[in-house]
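Please open the model in a viewer and keep the selection panel at hand. The stops below are given in the order in which they may be selected.

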Amino acid sequence: MKIEFQKDLSALNTFRMRVKAAAYAEYNSVDELRAILDNPDLPGPKYHIGGGSNLLFTGDFPGTILHSCLKGLILKRDESGITVQVGAGETWDEFCEWAAAEGLWGPENLSLIPGEVGAAAVQNIGAYGVEVKDIITGVEVLDTHDHTTGTIDVEECGYGYRESHFKGEWKGRFIVTSVTFRLTEDYAPRLDYGHVKESMKAAYGDETLTPRMVRDEIIRIRRTKLPDVKEIGSAGSFFKNPYVTQEQYEDIADIYPEVPHFPLPDGRVKIPAAWLIEKAGLKGYVKGNAAVYARQPLVIVNHTGKAAPWEIISLERKIIRTVRSRFGVTLSPEVEHI
Ligand code: EPU
C-alpha cells in the first residue's frame with residue numbers, strides 16, 4: 001500500500017494537467033483497498049483513477065485519489081470455452097499483447113488504447129467496430145457500501161456507447177477489482193469498421209489472419225491518426241459521436257449531402273463529431289496552450305505541455321458553441337471532468 005499527501009498528479013493524467021490531490025492511495029490487494037476505505041486520515045471525496053487517460057482534472061482535487069495495483073491473469077479452458085480473469089490494475093494494452101501472443105481472438109481491435117483493465121470495463125472502451133462489453137463475461141467488484149466482493153454479469157452492467165452503470169447510476173459505489181473476458185482460438189477477425197478490411201488486405205493480401213496480424217495493423221492505423229499520449233498530452237477522443245434525430249440529419253444533409261452518417265436501430269443517426277468539428281473550421285485550431293489535433297479533430301491536445309485546465313475547458317466550450325451554431329448539434333464530452 002502507498003499513501004501520499006499533497007500528491008502531484010501531473011504524471012497520473014495523460015492530459016498532463018499540473019494539479020494536486022489532497023491525498024493519494026494505491027493498493028495491492030482487496031484487503032488493502034478495504035483498509036484505505038476505512039482510513040479516517042484520508043479525506044473525501046474519493047475518486048478512483050485507472051491510467052488517467054480519459055479524464056480532465058479541472059483543478060486541484062480536494063479529496064483522495066485511489067489507484068489499483070491489482071495485477072494478475074487467470075486463464076481457464078473448459079468445455080464452454082476460454083476465459084481469462086485480469087486484474088483491474090493491469091495495463092489494457094499489455095493484456096491485448098498477451099492475447100495476441102497466445103493466438104487468442106478478442107481484444108485485438110482494441111489494441112493500443114491507453115489505460116487500465118478496470119477503467120476499460122467502467123468506460124466500455126471501443127474502437128474499430130468492437131466495444132469491450134462484447135468480450136466481457138463479468139466484472140468482479142468491491143461494493144463500497146458494505147465492503148463485500150462479488151461478480152456482476154455483463155448483462156447487468158448497463159453497457160452502451162461509452163456508457164455503463166459504473167459511470168452512471170452506480171457511480172462511486174463499486175470498485176472494479178478484476179474483469180473476466182471470453183476469448184477464442186477459433187478464427188474470428190472483425191474487420192467491418194471503415195477501411196479496416198482494405199488495410200488488412202493491403203498489408204497481408206489473402207493470408208489467413210492471426211490475432212497478432214490484426215493487432216499490428218490496428219496499431220499502425222491508430223498511430224497515423226491519434227497522438228501518442230507519451231509524447232503529447234491528450235485524453236484521446238474528447239467528445240462522443242453525437243446521435244441526432246432523422247430531421248436534424250436531413251437538415252445537415254440538405255447543405256452537406258456528403259455528411260458521413262450511420263443509421264441506428266432506434267431511428268436516430270450517428271454523425272462523426274470529427275466531421276462536424278472539421279466542417280466547423282476548427283481542425284488544427286490553436287488556442288493558447290490547447291489545440292484541436294490536426295490529424296483527428298475529435299482530440300484536444302495540450303500541445304505545449306503547459307496547458308492549464310481552464311485552457312482546455314475554454315477550447316472545449318468554443319468547439320461546442322461553434323458546432324452548435326453551425327449545425328444545431330450539441331456535442332457532449334467523452335472525457336470525464338473531475
Ligand atoms: N472524420 C473527419 N475528419 C477527420 C477524421 C475523421 O471528418 O479528420 C470523420 C470521417 O467521416 C471518419 C469518421 O469521422 O470516417 C470516423 O473517424 P474515425 O474512424 O477516426 O473514428 P471516430 O468516430 O472519430 C471513434 C472513437 C475512437 C476510436 C475510433 C476508431 C469515439 C468518441 N471515438 O472515433 O476512440 O479509436 O472511433 O474506432 O467514439 C477514444 O475514445 O479515445 C478514441 C480514440
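Helices (H or I, at least four residues) and strands (E, at least two) are DSSP runs, numbered from the N terminus. The model is predicted: local features need pLDDT of at least 70, side-chain atom pairs count only at pLDDT 80 or more, and totals for chains, interfaces and linings use all residues. Residues are numbered from 1 along each chain as its sequence is written, and side-chain values use heavy atoms, with hydrogens and water left out.

**Backbone stops**

Select Pro-45, which is placed in the loop between α1 (30-38) and β3 (46-49). The peptide bond that joins Gly-44 to Pro-45 is cis, with omega at about -5 degrees. Next, select Gln-6 in strand β1 (residues 2-8). Gln-6 is not a glycine, yet its phi is positive, at about 50 degrees. Continue to His-147, in the loop between β10 (136-143) and β11 (149-153). His-147, also a residue other than glycine, has a positive phi near 65 degrees.

Is His-147 buried or exposed? Its relative accessibility is 17%, so His-147 counts as buried. Here buried means under 20% relative accessible area, exposed over 50%, and partly exposed in between (1.4 Å probe, protein chains only).

**Aromatic pairs**

Now display the rings of Phe, Tyr and Trp (its six-membered ring). Two such rings pair if their centres lie within 6.5 Å; planes under 30 degrees apart count as stacked, over 60 as edge-to-face and the rest as tilted. By this rule there are 15 aromatic pairs. Select Phe-95 and Phe-181: this pair is stacked, because the ring centres are 4.7 Å apart and the planes stand at 25 degrees. Phe-95 belongs to helix α2 (residues 92-102) and Phe-181 to strand β12 (residues 174-183), so the pair ties together parts that are 86 residues apart in sequence. Phe-95 is buried at 2% relative accessibility, and Phe-181 is buried with a relative accessible area of 0%.

A second pair to select is Tyr-128 with Tyr-193, whose ring centres are 5.5 Å apart with planes at 85 degrees, so the pair is edge-to-face. Tyr-128 lies in the loop between β8 (126-127) and β9 (130-131), and Tyr-193 in the loop between β12 and α4 (196-204), so parts 65 residues apart in sequence are tied together by the pair. Tyr-128 counts as buried at 13% relative accessibility, whereas Tyr-193 is partly exposed at 46%.

**Charges over rings**

A charge sits over a ring if NZ of Lys or CZ of Arg is within 6 Å of the ring centre and within 35 degrees of the ring normal. Select Lys-7 and Tyr-24: the charged end of Lys-7 sits over the ring of Tyr-24, 4.9 Å from the centre. Then select Lys-270, whose charged end sits over the ring of Tyr-161 at 4.6 Å from the centre.

**Around the ligand**

Which residues are closest to the ligand? Of the 24 residues that surround the ligand, the closest are Tyr-128, Tyr-161, Arg-162, Tyr-193 and Glu-278. A residue is near a molecule if one of its heavy atoms lies within 4 Å of it. The shell divides into twelve nonpolar, five polar and seven charged residues (Ala, Val, Leu, Ile, Met, Phe, Trp, Tyr, Cys and Pro count as nonpolar, Asp, Glu, Lys and Arg as charged, and the others, Gly among them, as polar). Colour β8, α5 (211-225), β13 (233-237) and α7 (273-279), each of which supplies at least two residues of the shell. The largest share, three residues, comes from α7.

Select Pro-297, in the loop between β18 (290-292) and β19 (299-302). Pro-297 is buried at 3% relative accessibility. Pro-297 and Lys-225 are 72 residues apart in sequence, and 9.7 Å separates them in space, C-alpha to C-alpha. Finish at Leu-183 in strand β12, which is buried at 3% relative accessibility. Leu-183 lies 8.2 Å from Pro-107 in space, C-alpha to C-alpha, and the two are 76 residues apart in sequence.
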